[in-house]
Amino acid sequence: MVVGEFADAVDLLVLGGGPGGYAAAIRAAQLGRKVTLVERAGAAGLGGVCLQVGCIPSKALIELADAAQRTRDLHAAGLSVDGVAVSLERFQAWRGELCARLARGVGELLAKGEVRIVHGEARFNRPDRVAVRTPDDRALFFEFQHAIVATGSRPVDLPGLRVDDERVLDSAGALALTRTPKTVAVVGAGYIGLELGTALAKLGARVTVVEALDRVLPSIDESLTAPVRRRLRALGVDVRLRTTAERIEGDSLVVAGPDGEDRVEAERVIVAVGRIPNTEELGLAAAGIPVGEGGLIEVGEDMRATERIAAIGDVVAGPALAHKATAEAAVAAEALSGLPAAFDARAVPEVIFTDPEIGTVGLTEDQARAAGLDPVVATFPLAASGRAGTLDARDGFTRLVTDRATDRVIGVHIVGPHASELVAGGALAIELMASPGDVAATIHPHPTLSEGLHEAAALALGHPIHVSG
């Protein structure tokens, strides 16, 4: 490699080694492209925020917290345990090895595709060229035929509540705790805030959630959130709506709500008010890349921002989801390699690991009506499921939304245990343009939670078995 004003010629350049970036690199390599991937954390950072400090660590913590809580909850079923002790210090060691092992696996996949990994931060200085600043402060230059921007996002900061990784934490800091705080204030009742707040409550913390809006999980249909609200109350989580976090004073977080200012005891404050795309330091203007509201890159259905540059994942519009980025990655790699490809976002499932879990895909009833459709809605209650009974889970449901005119499933919404796993069946039904009759005619195994989808379809057809029609 030549360092300085001379550039190294690159076939396809990928910026970012997260779920979108590494998937794009692998797919491009499968198509015969010679790929170079630039990751600011190098090989150790492969997998990005999701693998290193997001999706994987958070679900690991949630599993640990659920296991502890479930041990307590099953006392009535005959399980007796003399105290449930959780060591977050041991958890961090286990979690560190888990993430490192998964990152090594990503590295091995990239190596099989002969993808070259460059450690550094990239910035465009021409429409076909980037400069990469390495950790030892060298500048490397690459001229590319095509490039894919997959630099992800980062947590939003709040003025007056700057993250210091001691008293005030972002989600990554919360996932790095080595002991459970006695009191925690979570600022933000979106999915990140509620997932973390619920886990910490199960681990023994006294949790207060502060949300400026008038409901929890404001990005999803409100009808899906009632079981979550009830569970939060049962866990002793204090949810304060229409309330803002103002400042820290002593041992407390000062908040302002409908009744004025109040003080919330908080050994730790977790700020979880959203994420912003990592685009402002990329030199996008020099590459002629259009940037819209909030720093999001504007792309077409083939994920191209310009003729030679595509963008995917959290830096483009749509939900900031790893699986969306992975799907966009294939489209971008194929489009830049001359294949016909387009991203169809009609069936991107969203999953929330609250208690109970939420899995939602497609249109809700309100969204269907707003789109001019005539929806038929069938809701099968979790309380009617035998398998749910064995899990001592009664609060939740499976909801099927069908378009009356076309007799097609257009939405599936599940609230309950393992909804994150079950919703994929709903996504498949939508993608295959299945009718409720198709779903009802598909034999689902008993006793399983998957029967909820079958029962909802039968209910939509007017001949349910386990609920009254």
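Colleague: Is His 418 buried or exposed, or something in between?
Modeller: His 418 counts as partly exposed, at 44% relative accessibility; buried here means under 20% relative accessible area, exposed means over 50%, and partly exposed is what lies in between, computed with a 1.4 Å probe on protein chains only. This is a predicted model, in which local features need pLDDT of at least 70 and side-chain atom pairs count only at pLDDT 80 or more, while totals for chains, interfaces and linings use all residues. Residues are numbered from 1 along each chain as its sequence is written, and side-chain values use heavy atoms, with hydrogens and water left out.

Colleague: Where is His 418 found, and what is its phi?
Modeller: His 418 is found in the loop between strand 22 and helix 11, and its phi is positive, at about 60 degrees, although the residue is not a glycine. Helices (H or I, at least four residues) and strands (E, at least two) are DSSP runs, numbered from the N terminus. Most residues other than glycine have a negative phi, and most peptide bonds are trans.

Colleague: What about Asp 407, where does that one lie?
Modeller: Asp 407 lies in the loop between strand 21 and strand 22, where its phi is near 60 degrees, again a positive value in a residue other than glycine. Asp 407 is partly exposed, with a relative accessible area of 40%.

Colleague: And which residues does the cis peptide bond with Pro 356 join?
Modeller: That cis bond joins Asp 355 and Pro 356, with omega about -5 degrees, and Pro 356 sits in the loop between strand 18 (350-352) and strand 19 (357-362). The peptide bond from His 446 to Pro 447 is also cis, with omega near -5 degrees, and Pro 447 has its place in the loop between helix 12 and helix 13.

Colleague: Staying with helix 13, how many of its residues are buried?
Modeller: Eight of the eleven residues of helix 13 (residues 451-461) are buried, which leaves the helix mostly covered; among them are Glu 451, Leu 453, Glu 455 and Leu 459. The buried residues pack against strand 20 (375-381), strand 21 (397-403), strand 22 (408-416), helix 11 (419-431) and helix 12 (436-440), where contact means heavy atoms within 4.5 Å. After helix 13 comes Gly 462, whose phi is positive, near 95 degrees.

Colleague: Switching to the other end, how do helix 1 and helix 4 cross?
Modeller: The axes of helix 1 (residues 19-30) and helix 4 (residues 88-112) come within 9 Å and cross at roughly 25 degrees. Axes are lines fitted to C-alpha atoms, for helices over the stretch in contact, and angles run from 0 to 180 degrees between N-to-C directions. Helix 1 and helix 4 are therefore roughly parallel to each other, on a scale where angles under 35 degrees count as roughly parallel, over 145 as roughly antiparallel, 65 to 115 as roughly perpendicular and the rest as oblique.

Colleague: Which residues of helix 1 and helix 4 meet?
Modeller: Tyr 22, Ala 25 and Ile 26 in helix 1 meet Val 106, Leu 109 and Leu 110 in helix 4. The residues of this contact divide into six nonpolar, no polar and no charged; Ala, Val, Leu, Ile, Met, Phe, Trp, Tyr, Cys and Pro count as nonpolar, Asp, Glu, Lys and Arg as charged, and the others, Gly among them, as polar.

Colleague: And how do helix 3 and helix 4 cross?
Modeller: The axes of helix 3 (residues 55-73) and helix 4 come within 10 Å and cross at roughly 140 degrees, and the two helices are therefore oblique to each other. Residues that meet there include Ile 56 and Leu 64 in helix 3, and Phe 91, Trp 94 and Arg 95 in helix 4. The contact divides into eleven nonpolar residues, no polar and one charged.

Colleague: Now the sheets: what is the strand order in the five-stranded one?
Modeller: The five strands form an open sheet in the order 8-15-9-10-11, with parallel pairing, and two strands pair if DSSP finds at least two bridges between them. Strand 8 (168-169) and strand 11 (238-240) stand at the edges, each with a single partner strand, so one side of each is left without a neighbour in the sheet. Helix 6 (residues 191-202) packs on this sheet, touching strand 9 (183-187), strand 10 (206-210) and strand 15, and its direction makes about 165 degrees with that of strand 10.

Colleague: What pairing does the three-stranded open sheet have?
Modeller: That open sheet has the order 12-13-14 with antiparallel pairing, and its edge strands are strand 12 (244-249) and strand 14 (260-265). Strand 12 and strand 13 (residues 252-257) pair over five bridges, and Thr 244 stands opposite Ala 256 in strand 13.
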